[in-house]
Amino acid sequence: MRLFIAIQLSPEMEKALVGCMHDLKKQGVEGNYVPARNLHMTLAFIGEYDNPGKVKEIMEKVPLPEFRLSLGDKGNFGNILWAGVKGNQKLKTYV
């Protein structure tokens, strides 16, 4: 199983990203757009791992403070478009 660690986005950030996707579609940018429910911020890519329960067990022990995110840069990996977040010192402390 392919695993990564991610956080869910706030409804406001999700709405902003969905708006960007709609704008791209209106401009004729074709592709496979991610459903809003699948939008997330990846913190770490684990890769192929056969025990997701173990990863979840460990992650539940990691203390995370509350923090705010703001949209930042955007770019692409080949034909995959991405949106970044502005620097956040609290998040950097734990990643």
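1. A salt bridge here is a side-chain nitrogen of Lys or Arg within 4 Å of a carboxyl oxygen of Asp or Glu. With that cut-off, a search of the whole structure turns up one salt bridge. The side chains of Lys 54 and Glu 57 form it, at 3.8 Å from N to O.

2. A word on the ground rules: this is a predicted model, in which local features need pLDDT of at least 70 and side-chain atom pairs count only at pLDDT 80 or more, while totals for chains, interfaces and linings use all residues. Residues are numbered from 1 along each chain as its sequence is written, and side-chain values use heavy atoms, with hydrogens and water left out.

3. The chain holds three helices and four strands (DSSP runs numbered from the N terminus: helices are H or I, at least four residues; strands are E, at least two). Their order from the N terminus is β-α-β-α-β-β-α. The C-alpha trace spans about 45 × 30 × 20 Å along its principal axes.

4. Of the 95 residues in the chain, 15% are buried. The largest nonpolar core has seven residues: Ile 7, Leu 9, Met 13, Leu 17, Met 21, Leu 39 and Met 41. Helix 1 (residues 11-26) gives the largest share of this core, three residues. Such a core is a set of buried Ala, Val, Leu, Ile, Met, Phe, Trp, Tyr and Cys residues joined through side-chain atoms within 4.5 Å.

5. Leu 9 is worth a look in your viewer. Leaving aside neighbours within four places in sequence, Leu 9 is in contact (heavy atoms within 4.5 Å) with Glu 14, Leu 17, Leu 39, His 40 and Met 41. Across the chain, among contacts between residues at least 6 apart in sequence, 61% join residues at least 24 apart.

6. Now the hairpin. Strand 3 (residues 71-77) and strand 4 (residues 80-85) run antiparallel and are joined by five bridges; strands pair if DSSP finds at least two bridges between them. Lys 74 has Ala 83 in strand 4 as its bridge partner. Two residues lie between the strands, and Gly 78 takes a positive phi near 60°.

Technical notes
Buried means under 20% relative accessible area, exposed over 50%, partly exposed in between (1.4 Å probe, protein chains only).
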